[in-house]
Structures are given as C-alpha cells and as structure tokens.
Amino acid sequence: YQTVNILNVPVAALTMREAVAQVQRFIDDKENALIATANAEMIMNAQHDAALREILQTAELVVPDGAGTVWAAHHLGYEMPERVAGYDLVQALLKEAPKRGDRVFFFGSAPGIAESAKNKAEKLYPGVQIVGVRNGYFTAEDEPEIINEIREAKPDILLAALGVPKQEKWLKKYREELGVPVSIGVGGTLDVMAG
Ligand code: UDP
C-alpha cells in the first residue's frame, strides 16, 4: 500500500483487510509497533502539537480513521480505498485473535469500563484472551506498576484508550519498556464496547 501525506501526517492507503494483515504481521514479527488511527481531529491536533506530529510520522502504521481523512486524501488526488476506523480494526483483530492465539490487554477508560469491555469481548469472540485490564486514570507514581502489569501479562496487542494525544504520547514514551509487539491508541473504543 501507499502512504499519503495529509498535512504532514503519513496515512496508509489500505483496506481494513490489509490493515488487519499488516497488524498481524507486526505481531508475528514481534515488531514493537506503534499504530495510530488518524481522524481529522487528530491530524488537526498534529498541526500545533509537534510531539504528536513526530509520533505519527514515526509510527509503524497510521490508518485512516474517519470520512474526513479519506476525503482529504481524495482531495489531494490520492487513492484511499476505505475508512479504517479504530473501533472496527479492534473488532476485526479480536475476532481473529482466538484462532491466532493473540493475547490482548485493555488499558484505559474510567474504572470498570475495561472490565465490561472484556466481558463483552469474551461473549462476542469465544476463546479470546484478554490477559489484563487497567483503567486510564493514574498518577506518575502509578506508572511503574502499570508498566509491570502490562509486561507480566505478555500481551501481543496493547489497546490504549487514554484519549488523543495522551495515549500516543504514553505509548511512545514507554514502548521499549513495555516490549509489546503491537500497541494501538484506540480513544473511545473501550467505552463503545462496554456499551
Ligand atoms: N481517558 C483515560 N484517562 C485520561 C483521560 C481519558 O482513560 O486521563 C479515557 C476516557 O475515559 C475515554 C477515552 O480516554 O474512555 C477517550 O475517549 P474519547 O472518545 O474522548 O477519545 P478521543 O476523542 O480522544 O480519541
């Protein structure tokens, strides 16, 4: 697939199927990859937030989350086959996780939300291994314990739902320590899953 430069954010022009395959490749190769789902709001934030922009420019994959991102690519004259929404990408990965044996950690959202999302996921995707949950409200002193929890759970996929740009900055800061093959900033996805 090609990468389209939208206001200095490199967005992958790929289908949902291709995005899922790419993420699974990162897992199989134990890449320590950072994945972002770029909607118009994130791309606008990246214009005035240089740290966020740098994270997106160095992320292993930025998918087009939102009609605005796809529209912008088309407006610039590039092909962009479809919208790859973070929520949908997560569902597709969870669906295939049982047969692949992918282990998933839910990190973020208000207390109780990640647990509810885990219960929902276990009903929707029988056999899925949600190997840890942790809410997204913490202080700097809590961080070593959170990092330990994630490390010990040994997930293949870490979903970070702390909001933009907190989740991207947190993942970037701790990616080496965490050593997770794939980390994805997923915004409100756990809230939606919890219902
Ligand atoms: N959140 C969190 N910790 C924080 C701030 C926010 O866990 O310090 C969570 C919040 O509870 C919500 C998610 O981050 O579940 C952000 O969702 P939103 O839909 O606002 O995401 P965005 O629009 O930023 O992608």
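This section describes a helix, a helix pair, the ligand shell and several backbone features of a predicted model.

The buried residues of the helix are Gly-86, Leu-89, Val-90, Leu-93, Leu-94 and Ala-97. In an α-helix, residues three or four places apart point the same way, because there are 3.6 residues a turn. Helix 5 is followed by Gly-101, with a positive phi near 80°.

Helix 3 (residues 50–58) and helix 8 (residues 166–178) cross at roughly 65°, their axes coming within 10 Å, and the crossing is left-handed. Ala-51, Leu-52 and Ile-55 of helix 3 meet Glu-168, Lys-169 and Lys-172 of helix 8. In the loop between strand 7 (157–161) and helix 8 lies Pro-165, joined to Val-164 by a cis peptide bond with omega about 0°.

The ligand is surrounded by 14 residues, of which the closest are Ser-109, Gly-136, Gly-163, Gly-187 and Gly-188. The shell divides into six nonpolar, six polar and two charged residues. Ser-109 is located in the loop between strand 5 (103–108) and helix 6 (113–124) and, although not a glycine, has a positive phi of about 75°. Ser-109 counts as buried because 28 C-beta neighbours lie inside 10 Å.

A positive phi, near 50°, is also found at Leu-7, in the loop between strand 1 (2–6) and strand 2 (9–13). With 13 C-beta neighbours inside 10 Å, Leu-7 is classed as partly exposed.

Notes
Residues numbered from 1 in each chain as written. Predicted model: local features only at pLDDT ≥ 70, side-chain atom pairs only at ≥ 80, totals over all residues. Buried ≥ 20, exposed ≤ 12 C-beta atoms within 10 Å, placed from the backbone. Helix = DSSP H or I, 4+ residues; strand = E, 2+ residues; numbered from the N terminus. Near = placed C-beta within 6 Å. Nonpolar A, V, L, I, M, F, W, Y, C, P; charged D, E, K, R; others polar. Axes fitted to C-alpha atoms, helices over the stretch in contact; angles between N-to-C directions. Left-handed = near helix turned anticlockwise from the far one by under 90°. Contact = placed C-beta atoms within 7 Å.
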